[in-house]
Amino acid sequence: MKREIKGMLTGLGVTFKTMTKPAVTVQYPHEREDPPTRARGVIALKEENCTVCMLCARQCPDWCIYIEGHKEQRPPRREGGRPRSVSVLDRFDIDYALCMYCGICVEVCPFDALFWSPEFEYSESRIADLLHDKDKLGEWMQTVPEPEPLEQGAVSK
Amino acid sequence: MIAFDIGWGTTLAIKAIIVLAIVPLTALILGYVFLLKMMSHMQSRLGPMDPGGFHGWFQLIGDGVKFMQKEDIMTKEADRRVFALAPAVVVLSTFLVFVVIPAGPRLVVAPLDVGIFYALAVSSLSVIGVLMAGWASANKFALLGALRAAAQLIAYELPLVLAVVGVVIQAGTMNLQGIVGAQQNGEIFGWGGLGQPYILTQFIGFALFMIAAQAELTQPPFDMPVAESELVAGYMVEYTGFRFLFFFIGEFGTAFAFSALAATMFLGGWSVPWVHGSAADVLGPLVLFAKVMLVAFLMFWARFTYPRLREDQLQALAWKWLIPIALINILVTGVLKVAF
């Protein structure tokens with residue numbers, strides 16, 4: 001009985017103490033809280049690294065990545081060699097109305113073309129506007145934080 | 001003091017309008033101050049901040065307007081007349097309690113001689129409205145909620161009345177004006193500076209009254225009749241729009257009425273030491289309001305702190321603890337009253 005009463009009084013104390021402290025709420029449209037540096041806000045595309053390998057589009061559980069590309073002939077590296085064939089990216093869209101922010105595409109990219117950016121304010125009043133094309137995805141690259149410095153002893157190639 | 005000479009009909013009309021306006025207003029004040037803001041801060045959040053500009057004061061009024069716009073839905077199997085009447089019965093009992101609560105030496109609708117007895121009697125009318133609502137909804141959850149409410153309100157009516165008996169013995173009257181006067185003119189060990197609020201001598205009665213009132217209001221931790229995780233919303237489950245708004249006004253208006261009763265009986269009501277006559281008529285309502293807010297704070301503090309009890313724990317608390325303690329309290333008060 002004594003224990004129960006003590007517990008009940010402690011409960012009253014907790015709620016009263018919480019009431020006297022300022023609330024943890026951030027009044028979002030009026031004031032902004034910066035998300036953590038590595039927050040998963042939006043996916044950015046570094047276009048020159050993309051080889052149109054389609055790994056991200058195939059791994060995407062929501063099928064929200066659309067990629068189109070074509071092959072082009074480039075002059076041979078050495079005199080007398082064969083002309084090289086290079087994949088050129090025509091279209092790279094991510095539909096953020098479908099994306100579930102799992103990050104598998106970023107994980108799976110073998111050429112470091114996709115990055116997480118902490119930006120999160122890109123809501124639209126039309127759902128079709130949530131389809132970001134490769135120019136828009138390229139613009140997000142500016143908001144991607146610099147990679148962490150290598151650990152001590154690790155050698156940069 | 002300016003003397004008005006108006007007919008009794010006009011006086012009655014003015015009194016009726018004031019009472020009609022005050023009950024929804026008190027519900028709004030309690031709902032805003034405690035339900036929206038205090039509970040939010042106790043949970044480390046802010047509650048509504050934008051409606052009305054200043055800390056969301058307009059939120060509840062907006063909610064009320066929204067309720068009035070909603071479709072009035074009635075289930076096909078419902079007992080239509082009873083279903084429609086039930087919220088009115090609940091609100092009616094709230095209105096009737098306000099009739100006897102004095103806000104000043106002359107500011108009382110009807111200073112009945114059986115004041116406190118009348119107030120507790122009409123406040124228990126709401127159980128009829130609740131039973132009507134539960135039965136007429138043709139819904140098993142509503143019926144279960146109504147039966148729980150009936151069992152709970154009957155069980156807690158006893159400690160509520162018995163807790164008051166101590167005050168009545170000490171004051172020697174059931175008239176609420178008389179109880180206020182007895183507290184104002186009382187003395188603490190021969191010193192009359194502050195009067196004698198009965199919370200000092202009847203502290204046990206006050207605690208019992210608050211616990212029992214909490215159960216009468218079906219507020220947490222005694223909210224089994226409306227337990228949303230078990231019974232969805234109990235007897236209110238089929239109600240929408242304006243009728244639901246009636247239940248809301250009834251709930252918070254009754255909370256205000258019970259706070260006012262507790263403030264009147266245990267904290268001295270409208271009385272301020274050394275203030276008499278017409279000054280008390282002006283100051284009285286403000287003092288009473290301040291005391292009511294203090295009591296309501298205690299009530300809602302408990303509401304927002306404790307989780308819901310189990311049904312058998314609820315009944316055990318009333319019959320095994322509150323009623324015996326209340327009876328002992330009456331016995332001791334009576335013996336001391338006769339002895340001194």
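Predicted model: local features only at pLDDT ≥ 70, side-chain atom pairs only at ≥ 80, totals over all residues.
Residues are numbered from 1 along each chain as its sequence is written, and chains are lettered from A and ligands numbered from 1 in the order in which they are written. The model scores ipTM 0.72 and pTM 0.78.

Select residues 228–231 of chain B, helix H9, which has the lowest mean pLDDT among the elements of that chain, 76; H8(B) has the highest, 89. Helices (H or I, at least four residues) and strands (E, at least two) are DSSP runs, numbered from the N terminus.

Next, show H8 (residues 203–216) and H12 (residues 311–339) of chain B. Their axes are 10 Å apart and the helices pack at an angle of about 150 degrees. Axes are lines fitted to C-alpha atoms, for helices over the stretch in contact, and angles run from 0 to 180 degrees between N-to-C directions. H8(B) and H12(B) are therefore roughly antiparallel (angles over 145 degrees count as roughly antiparallel, under 35 as roughly parallel, 65 to 115 as roughly perpendicular and the rest as oblique). Ile204(B), Gly205(B), Leu208(B), Ile211(B) and Ala212(B) of H8(B) meet Leu322(B), Ile325(B), Ala326(B) and Asn329(B) of H12(B); contact requires C-beta atoms, placed from the backbone, within 7 Å. The residues of this contact divide into seven nonpolar, two polar and no charged (Ala, Val, Leu, Ile, Met, Phe, Trp, Tyr, Cys and Pro count as nonpolar, Asp, Glu, Lys and Arg as charged, and the others, Gly among them, as polar).

Move to H3 (residues 80–98) and H10 (residues 241–266) of chain B, which pack at about 25 degrees with axes 8 Å apart. That angle makes H3(B) roughly parallel to H10(B). Contact residues include Val90(B) and Phe98(B) of H3(B), and Phe246(B) and Gly250(B) of H10(B). By class, the residues of this contact are ten nonpolar, four polar and one charged.

Now turn to chain A. An open sheet of three strands has the order E2-E3-E5, with antiparallel pairing; strands pair if DSSP finds at least two bridges between them. The edge strands, E2 (65–74) and E5 (131–132), each pair on one side only. Two bridges join E3 (residues 84–95) to E5(A). Select Asp95(A) to find Leu131(A) of E5(A) opposite.

Finish where the chains touch: ten residues come from chain A and eleven from chain B. The chain A side has four nonpolar, five polar and one charged residues.

Notes. Contact = placed C-beta atoms within 7 Å. pLDDT = per-residue confidence, 0-100.
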